[in-house]
Amino acid sequence: MPMSKILPSKLTIIVPCYNEEANIKALLETLQKNLKPVAGWEIRYLLVNDGSRDSTWQIISQLAQESANILGLNLSRNFGKEAALLAGIEQAPLSDAYLTLDADLQDDPKIIAEMIKKLDTGYDIVYGQRSERKDSPLYIFLASGFYWLMDMATKGAIPKNVADFYIFNERVRLEFLKLQESVRFTRGLLFYTGFKKAPVMYTREKRVAGSTSWNYFKLFKFSLDGLTSFSTFPLHLISIIGFVGCAMSIFGVVIYVAYSVFSGVSGTNGWASIILLITFFGSLQITMLGIIAEYIARNTLEIKNRQKYIVMDRVNLD
Ligand code: UDP
Ligand code: MG
C-alpha cells in the first residue's frame with residue numbers, strides 16, 4: 001500500500017459478540033480513542049451478534065442507527081465464534097484491510113495502530129502475539145500442550161500464542177473465503193493462505209466484564225477441531241503405535257518361549273499383570289477407535305455442507 005494516499009484506506013474491524021451487553025460501548029470507546037492517531041484510514045466497526053441471549057443486539061442496532069461507521073449483523077441464533085467470525089469477514093463491505101478482535105477487550109487495542117503500520121509496510125497478515133498470559137496455571141499448561149501438538153502437526157505453519165486478533169488485506173480475505181469447510185479453525189485457515197505474515201507482541205488482559213463462554217470441555221473440542229482440520233497425524237500415530245505394539249509383543253513372545261524352554265519354568269502366577277495388560281490394551285484400542293471416530297464425525301459434518309451461519313438482520317450493511 002502506498003504511504004502517501006489520496007483517498008484514505010478502508011479498514012473494517014470485525015467483532016464477534018455473544019452476550020457482550022456490558023462490553024460493547026466500552027469496546028467502541030476504547031477502539032475509537034486508540035485509533036484516533038491513525039491517519040489515512042477510514043475505520044468501520046462491524047459488530048456481529050452471535051445469537052446473544054442478553055440485549056447485545058439491541059445495543060448494536062441502536063449504535064448502528066446512530067452512526068454510519070458502525071455496522072450491525074444479527075445471526076439468527078448462536079452459531080459459535082468461528083461462524084460469527086466467518087459471517088463478519090464474508091459480509092464486511094469491501095475494504096483494504098480487515099481486523100478481528102474479541103469484544104471483551106482482552107486483545108489490547110493499543111497495538112492496533114502498530115499492526116496497521118506494519119501491514120502498510122508490505123505484510124499481508126499481521127497478528128497479535130501474546131508475550132504473557134494472565135490465566136490459571138492449568139489453562140496455561142493445557143494451552144502450551146495444544147500449541148505444541150499443533151506446531152508438530154502443522155510443521156509450524158500456525159504461529160503460537162495467537163488469539164483471533166489479526167489484521168489482513170483483501171487478497172488474504174479472498175483466499176480465506178474460498179476455504180469453505182464446515183468445521184472451521186479461523187486462525188489456521190488464515191495462515192494456511194501462506195501470505196506474508198508478521199507479529200506484534202502484546203499482553204493478553206483479563207476479560208473486562210461478562211464471563212467467558214468457554215469451559216475446559218469446549219476448549220478440548222476446539223483443540224480437537226483445530227488439530228483434526230489441519231492434520232491427519234493422529235491417524236498415522238495409530239498405525240505407528242499399532243506397529244510398535246505388534247513388534248514388541250512378538251519380541252516378548254520369543255523371549256518368553258526361549259525362557260520357558262531353557263529354564264524349564266512356565267509359571268501360572270502373574271494374574272494381576274495379565275489383567276493390567278488386558279485393561280491397558282483394551283483402553284488403547286478404544287482410544288484409537290475414538291481418534292478414528294473424530295475424523296468420521298468431521299467428515300459427516302463436511303458432507304452435509306450446511307450453511308455456516310444464517311443472517312437475520314443487518315444495519316448499515318448492503
Ligand atoms: N463469541 C461468539 N460466539 C460464541 C462464543 C463467543 O461470538 O458462541 C465471542 C465473544 O463474544 C468474544 C469472543 O468470541 O467476543 C471470545 O469469546 P470469550 O471471551 O468467551 O473467549 P476467551 O477469550 O475466553 O477465549
Ligand atoms: Mg475473552
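## Ligand shell

The shell around ligand 1 is made up of six nonpolar, five polar and six charged residues, where Ala, Val, Leu, Ile, Met, Phe, Trp, Tyr, Cys and Pro count as nonpolar, Asp, Glu, Lys and Arg as charged, and the others, Gly among them, as polar. This is a predicted model, in which local features need pLDDT of at least 70 and side-chain atom pairs count only at pLDDT 80 or more, while totals for chains, interfaces and linings use all residues. Residues are numbered from 1 along each chain as its sequence is written, and chains are lettered from A and ligands numbered from 1 in the order in which they are written.

Of the 17 residues around ligand 1 (C-beta atom, placed from the backbone, within 6 Å), those that come nearest are Pro16, Tyr18, Asp50, Ala103 and Thr212. Strand S1 and helix H3 (81-91) are the elements that give two or more residues to this shell; helices (H or I, at least four residues) and strands (E, at least two) are DSSP runs, numbered from the N terminus.

S4 runs parallel to strand S1 (residues 9-17), to which four bridges join it, and Tyr98 is the bridge partner of Thr12. With strand S6 (residues 162-169), S4 pairs in the antiparallel sense over four bridges, and there Thr100 stands opposite Tyr166. Pairing requires that DSSP finds at least two bridges between two strands.
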